[in-house]
Structures are given as C-alpha cells and as structure tokens.
Amino acid sequence: MGLPLYQVDTFTDRPFSGSPVTVCLLPGSYDPRWLQEVAAELCAPITAFVRRRASHGFDLQLFTPHNEVSRHAPATLAAAHLLWETRLLTPDASALLCSSGGPFTVEREGDRLALDIPAIPPEPCILPDGLVQALGAHPTFLGISALDYLAELDHESTVRALEPDFHRLALLPMRAVMVTAPTSAPGCDFVARFFAPAEGVPEDTVTIAAYGCLGPFWAERFGKTDVTGYQASARGAHVAVHVEGDLVRVSGQAVTVWRGELL
C-alpha cells in the first residue's frame, strides 16, 4: 500500500493561490535521506512529512527539493489542516507538531488555522546606500527587524507595481527587504511583499515570519490589535494578525487541492 500525498494551499480560501505545500502522512519512521529524495522527486517548494509520535502530538519533518529545514509556518498549517481533514485529530483538538525547530501548536479558529510567532517590531534606521536604487522607490519609513528591512512605501499601487533590481538588493547588508503600504481593499488593512534574493528567494509567496514585524507595525499605526495583510506576490495570500504583547498570532485558511499516492 502506498503513502498518501496531498497538496494544501495555505493562507487562502481558494485553490491555486497562497503558499502550496505537499503533505505526506507516514505510518512510521523513514530514513531522512529517503525523505529528501521524495521531496526532490516531488519538486514542491516544501514537502511536510507527518507521523504520530509515541507520546502526544505528531513529528513534522520539512524538506525543500534541496535540503531539510527546521521550520516553515505554511507547512505547519498545512500539516495541521490535513490532520483535521483526515480525522486523525478531532475538530476540537489542538495540533501539536514537533519539528527540529521546536514544538508548534496550531489551533482552529472558525474557518481559519492559527499559530503564534514572536513579535519583532521594527526600529527606525538610516536609509542605506543603494536601497532606493535597488527597490526603484523611496520609502516613507525604513526600519529594521531582526535580519530584515521594513520599507513603508507611499501607496499600495507602488508596492504592487514594484520591480526591484534583485542583484542590487542582494548586496544590501540585511537578509531581506519587506515593502508595505496601507490598502483600501475590503477586508484588508495593508499589502506587503518580501524580497530575499541573498537567500536565493527573489520574492517569497507568503512569509509568515515577516508578520511578526508587519503586525506590530500596522497595529500601532491603526491603533488596534487585529489587522489583516495581503501578501501581493504572484499567487497572493491573506494573513490575519492579532498582536498581544510579545506574541503575534497569525491565522489563515487552507484548502486541499489534490490527493494521491506515493508508490
């Protein structure tokens, strides 16, 4: 009997958008080298392998086509979505998923799945040489958050139309650049894009860690604790954010697109 495979699109309510994740439910332990070969064969952006632990919760192993990674929020949500959908978890249970990056708890909040990440508000900083030329736009605010720049731009249309020079962006002293602006779109407060060419990711589809910065930034600007962002990548994604002290709760919907069998 083969191993069940699924593709789940996360942080979206419709197929072919959001962050795509392939999920494989395992009956037991498998050699990580073999899991890496499977991920390379599937060639999905991220493949999540899930198996029940002897104790409480589930083990989660995450692979790109090239290497294992310790954490990936969309993949964690996708795995939890499948555990509920396949009834390996009851509807009222939380999903405890343990990867090499630590244990993560996913909870259901109506039709959305939610998990907590650290809040890292941006600190204002001086505009570095080359950033304006690399982005092709002049920020109205520039801050730093951990390893990334946060650049607020003058208008939503500027964010959406941006065509940065990725070579120049990769030469900047920070890992990545987030760009953002308020939006008048129904159900959303802001738009954002995330560029990390120095990490081999010219533009990320959905960057959940970035909302640990974007959430507090916009929550303060709007004077409220709940904000919703739209990541204006090619596939697009909606991320709801609740800011509470040192934590940010990010949530979004997920939809199963296909299922199959690994022979």
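Biologist: F190: buried or exposed?
Modeller: F190 is buried, with a relative accessible area of 0%. Buried means under 20%, exposed over 50% and partly exposed in between, with a 1.4 Å probe and protein chains only.
Biologist: What are these values based on?
Modeller: This is a predicted model, where local features need pLDDT of at least 70 and side-chain atom pairs 80 or more, while totals for chains, interfaces and linings use all residues. Residues are numbered from 1 along each chain as its sequence is written, and side-chain values use heavy atoms, without hydrogens and water.
Biologist: How many aromatic pairs?
Modeller: Eight, counting Phe, Tyr and Trp (six-membered) rings with centres within 6.5 Å; planes under 30 degrees apart are stacked, over 60 edge-to-face, the rest tilted. One of them is F190 with Y211, tilted, 6.2 Å between centres and 35 degrees between planes.
Biologist: Which parts does that pair tie together?
Modeller: F190 lies in strand β13 and Y211 in helix α6, so the pair links parts 21 residues apart in sequence. Helices (H or I, at least four residues) and strands (E, at least two) are DSSP runs numbered from the N terminus.
Biologist: And Y211, buried or exposed?
Modeller: Buried, with a relative accessible area of 0%. F190 and Y211 also belong to one aromatic cluster with F141, F217, W218 and F222.
Biologist: New topic. How many residues of β11 are buried?
Modeller: Five of five, in residues 148-152. D148, L150 and E152 point one way, Y149 and A151 the other.
Biologist: Which strand does β11 run parallel to?
Modeller: β12, residues 176-182, joined to β11 by five bridges. L150 stands opposite M178 there.

How values were computed
Two strands pair if DSSP finds at least two bridges between them.
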